[in-house]
Amino acid sequence: MAAVIGVLPGDGIGTEVVAEALRVLEAVAARYGHRFEFRRGLIGGAAIDATGAAFPEETRRLVRDARAVLLGAVGGPKWSDPAAKQRPEQGLLDLRAAMGVYANVRPVRTHESLYAASPLRPERLKGVDIVVLRELTGGIYFGAKSRTADSASDSCSYTRAEIERLLRMGARIARQRRRKVTSVDKANVLETSRLWRSVAIELFAREFPDLAVEHLLVDAAAMHLLSRPGDFDVIVTENMFGDILTDEASMLVGSMGMLPSASLNDSNGGLYEPIHGSAPDIAGRGIANPCGTILSAAMMLRHSLGLEREAALVEDAVFAVVDAGLRTRDIAAPGTRDCTTAGMGDAIVARLNAG
Ligand code: IPM
Ligand code: MG
């Protein structure tokens with residue numbers, strides 16, 4: 001039976017990068033004898049235009065029936081009017097909540113051939129291999145909001161259970177890696193962070209005494225990510241801190257366009273999306289970097305479809321092409337060759353077929 005994969009390209013460069021990831025998945029299916037059934041749906045601004053809702057009922061049904069979901073990006077100036085009733089981003093948050101994907105895995109690994117694309121010095125980038133585990137369905141993103149002409153509020157809340165399940169997943173990931181966890185909070189100011197830290201201290205001591213645990217305040221963590229990125233293994237943090245720190249961390253790798261993510265729940269259903277946004281400034285020009293989305297598709301093969309070997313082959317193909325010097329402009333460097341979004345996809349597919 002074919003595995004049903006929900007495909008939600010969304011807005012802006014979302015459609016362009018998802019198209020390349022689908023070509024890669026098709027190449028994997030053809031070469032290794034798998035059957036994927038892609039079902040496309042609307043989300044974000046495209047869904048608002050077509051249906052009036054950012055996360056339409058049809059899309060809700062589609063993702064419920066899918067084994068995994070691949071998403072591009074949402075948002076754009078067309079839907080950014082502060083007075084608008086529907087925002088594309090809310091569609092994405094509703095999707096994450098509907099799928100119950102509370103843990104967002106964002107791997108950040110540097111590659112020597114991309115050092116020149118990073119603003120940091122090469123000696124800082126050597127051996128950087130971090131997994132940021134971002135809580136994805138709680139915190140300030142999902143709290144009550146209020147707004148009058150002259151005041152506004154966003155509330156942040158977390159329960160012990162929400163914190164514990166995220167920390168446990170982070171600890172299990174660390175056990176497969178270098179056995180170090182950095183928990184990031186703002187416990188000197190925020191009550192939610194004080195709960196976070198006390199739950200973390202207790203849980204790691206009780207259930208994961210074999211792990212090295214460090215607690216950092218988020219402002220310090222932002223600095224340490226640049227001053228000693230090689231010291232981090234697994235970072236566990238709440239929703240908004242994880243959002244901000246991973247944009248920062250993408251500059252270690254060289255570009256937002258390179259970073260994939262997997263959003264997981266406790267079953268093997270998952271949502272896979274690059275960490276970047278819809279990039280309206282370059283949308284429609286065929287120059288977006290599809291690697292983050294293609295690497296997200298590889299994470300889907302691994303985590304939702306149980307195809308570890310195929311996932312690794314896709315990752316190898318992406319980095320073989322990047323190492324060979326083919327570059328979209330976000331990762332261009334002296335001596336590399338420029339290519340388009342589709343050109344990058346072509347080269348990765350060719351590499352897979354040659355492997
Ligand atoms: C991300 C994005 C989203 C987020 C936006 C588009 C709502 O920045 O996935 O990191 O903040 O979660
Ligand atoms: Mg973000």
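Here are some notes on the fold, the ligand site and a few individual residues.

1. Some ground rules before you dig in. This is a predicted model, in which local features need pLDDT of at least 70, side-chain atom pairs count only at pLDDT 80 or more, and totals for chains, interfaces and linings use all residues. Residues are numbered from 1 along each chain as its sequence is written, chains are lettered from A and ligands numbered from 1 in the order in which they are written, and side-chain values use heavy atoms, with hydrogens and water left out.

2. Start with the overall layout. There are two domains: domain 1 takes in 1-102 + 255-355, and domain 2 takes in 119-135 + 161-253 (bounds come from an automatic or database domain assignment). Their centres, taken over C-alpha atoms, sit 25 Å apart. Where they meet, 9 residues of domain 1 are in contact with 9 residues of domain 2 (contact means heavy atoms within 4.5 Å).

3. Now have a look at the ligand. Which residues surround ligand 1? They are Glu-89, Arg-96, Arg-106, Arg-134, Tyr-141, Asp-243 and Ile-275 (a residue is near a molecule if one of its heavy atoms lies within 4 Å of it). By class, that shell has 5 charged residues, 2 nonpolar and no polar ones (Ala, Val, Leu, Ile, Met, Phe, Trp, Tyr, Cys and Pro count as nonpolar, Asp, Glu, Lys and Arg as charged, and the others, Gly among them, as polar).

4. Asn-239 is worth a click. You'll find Asn-239 in helix H9, residues 239-253 (helices are DSSP runs of H or I with at least four residues, strands are E runs of at least two, and both are numbered from the N terminus). Asn-239 is buried at 0% relative accessible area (buried is under 20%, exposed over 50%, partly exposed in between, with a 1.4 Å probe and protein chains only). Not counting residues up to four places away in sequence, Asn-239 touches several others, including Arg-134 and Tyr-141.

5. Next, the loop between strand S12 (270-272) and helix H10 (291-303), where Ser-278 is found. Is Ser-278 buried or exposed? Buried, with 5% relative accessible area. A polar atom of the Ser-278 side chain lies 2.7 Å from the backbone oxygen of Gly-75. Among the residues that Ser-278 touches are Asp-11, Gly-12 and Ala-283. Ala-279 lies in the loop between S12 and H10, and its phi is positive, near 40 degrees.

6. Arg-179 lies in the loop between helix H6 (160-175) and S8, and is partly exposed at 36% relative accessibility.

7. Finally, strand S8 (residues 180-185) holds Thr-182, which is buried at 0%. Leaving aside neighbours within four places in sequence, Thr-182 is in contact with Glu-214, Leu-216, Phe-232, Val-234, Ile-235 and Val-236.

Terms used. A polar contact is a pair of N or O atoms within 3.5 Å; within protein, one must be able to donate a hydrogen and the other to accept it, and residues adjacent in sequence count only if both atoms are side-chain atoms.
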